[in-house]
Amino acid sequence: MEATVTTANSEEKTWGGGNEPMKASYGKLMMWFFIVSDALTFSGFLAAYGFSRFKFIETWPLADEVFTHFPFMHGVSAPMYYVALMTFILIFSSVTMVLAVDAGHQMKKDKVVIYMFLTIIGGMIFVGSQAWEWKNFIKGEYGAIETKGGSLLQFVDKEGHRVALADFAATLPEEREQLTRSKGKWFMSESSLPSYSVAEVQAGFKAHPDLLIRTEVITKEKHKTILSRKDSELRLTQASLVVEGANLTHNEYGSKLFADFFFFITGFHGFHVFSGIIINIIIFFNVLVGTYEKRRSYEMVEKVGLYWHFVDLVWVFVFTFFYLV
Amino acid sequence: MSHEHVSNTKRIWTVFGLLSVITIVEVIFGIIKPDVLHMNSFMAMSLLNWLFIILTLVKAYFIVWAFMHMEGEKSTLKNAVVLPVIFLVLYLLFILLTEGNYIYEVFKNSTIKWNF
């Protein structure tokens with residue numbers, strides 16, 4: 001509507017620039033279209049995650065068994081609380097950002113300064129929380145065994161509670177040295193060795209008749225399958241690796257792809273938050289020195305605000321697809 | 001200047017309250033996982049997951065409309081931003097999830113059991 005009116009009223013101005021058919025400035029419009037393309041990038045990642053999950057729908061890890069940590073609460077299983085807290089922090093920093101934009105509209109410099117400062121702090125807390133989440137994910141909690149076929153075996157007691165390798169693995173008089181570049185025949189090395197060898201786990205399992213093995217397969221009741229003692233012993237003979245924690249090639253929580261996507265998507269999002277913080281800091285100092293006061297317009301705050309809200313928007317989806325669904 | 005410069009503080013806090021409530025509801029459902037929702041499914045996905053996705057879309061709507069102030073923009077801008085995203089995301093999801101499900105069935109029903 002508006003576009004036609006503009007053309008009709010100022011014909012010679014149509015191609016001369018300076019008209020805004022969408023009634024948004026060049027910078028703001030481009031920020032919107034950047035957001036469109038970035039949203040499609042994230043959609044591509046999340047859709048790829050969905051693809052892999054549908055492919056292995058019967059063996060995919062259950063998120064509420066993976067993310068169970070909360071700061072200062074050791075050994076307490078607290079699924080979801082921590083990431084819910086992270087979501088709050090990010091939503092709240094979005095609120096302070098939009099309050100900064102609002103104050104900017106009214107040309108209240110002091111308020112813009114305070115709200116932008118709070119936004120930056122919120123973003124930093126969020127990135128820190130994500131680092132902590134990564135640390136727990138990488139470190140792992142119980143440890144597991146990977147079989148020759150690539151599937152994962154976890155250990156449970158009679159009641160179905162998870163048992164850590166450290167609680168039952170035997171100590172055998174064997175020495176195995178980590179292969180380093182200095183000792184390799186060719187460019188060979190390996191990452192740090194797990195705390196127990198396969199033989200130690202197998203011996204420990206034999207010595208504890210109460211233990212059972214849990215496979216990755218999800219039952220009709222939406223729990224992981226627990227094998228009988230006889231099947232457990234049989235499956236354990238196929239063990240090939242001890243897995244502790246998660247990295248890009250092995251993962252004690254289940255499907256390797258789960259860890260890959262977790263690192264990649266939350267990492268990419270975390271990188272967005274990080275760049276958002278940097279941009280916010282730059283704009284924060286611009287506000288401090290009065291750049292926008294001189295310009296008589298705080299539109300720049302509005303533009304970084306759009307980016308910051310977008311980061312929040314992406315997190316809402318990441319939260320749903322990694323932790324809830 | 002296309003926006004009238006009135007303070008929207010009240011609306012901002014209302015939306016914040018709303019987003020918080022939705023997040024809390026999501027977390028509660030995620031922890032309790034009521035069997036009615038968890039065990040019944042619609043279009044091969046449990047009702048609980050549908051609930052999470054719908055609540056997420058509601059949150060997304062409020063973030064874009066209130067925080068990013070899409071509600072104050074011209075309808076041409078709204079459409080230019082929102083429609084391509086919705087169309088392309090639905091297309092992408094349809095094609096990838098169908099394919100993923102197909103591969104799952106190949107693993108399940110044919111001779112290929114595992115393929116990295």
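Select residues 12-32 of chain B: this span is 100% helix and 0% strand, with its end C-alpha atoms 30 Å apart. Helices here are DSSP runs of H or I of at least four residues, strands are E runs of at least two, and both are numbered from the N terminus. The model is predicted, so local features need pLDDT of at least 70 and side-chain atom pairs 80 or more, while totals for chains, interfaces and linings use all residues. Residues are numbered from 1 along each chain as its sequence is written, with chains lettered from A in the order in which they are written.

Next, select 47-68 of chain B, which is 95% helix and 0% strand, its end C-alpha atoms again lying 30 Å apart. UniProt, in an unreviewed entry, labels 12-32, 47-68 and 80-98 of chain B "transmembrane region"; such annotations may be inferred rather than shown by experiment.

Now show both chains. In chain A, 46 residues are in contact (C-beta atoms, placed from the backbone, within 7 Å) with 46 residues of chain B. On the chain A side, H2(A) gives the largest share, 13 residues.

Move to chain A and select Val83(A), Ala100(A), Val112(A), Met116(A) and Val301(A). These have the most contacts inside the largest nonpolar core, which has 75 residues. Such a core is a set of buried Ala, Val, Leu, Ile, Met, Phe, Trp, Tyr and Cys residues joined through C-beta atoms within 7 Å; buried means 20 or more other C-beta atoms within 10 Å of a residue's own. H10(A) supplies the largest share of this core, 16 residues.

Finally, select Phe168(A), Val201(A), Ile213(A) and Val243(A), which are included in a second, separate core of 17 residues.

Conventions:
Contact = placed C-beta atoms within 7 Å. Buried ≥ 20, exposed ≤ 12 C-beta atoms within 10 Å, placed from the backbone.
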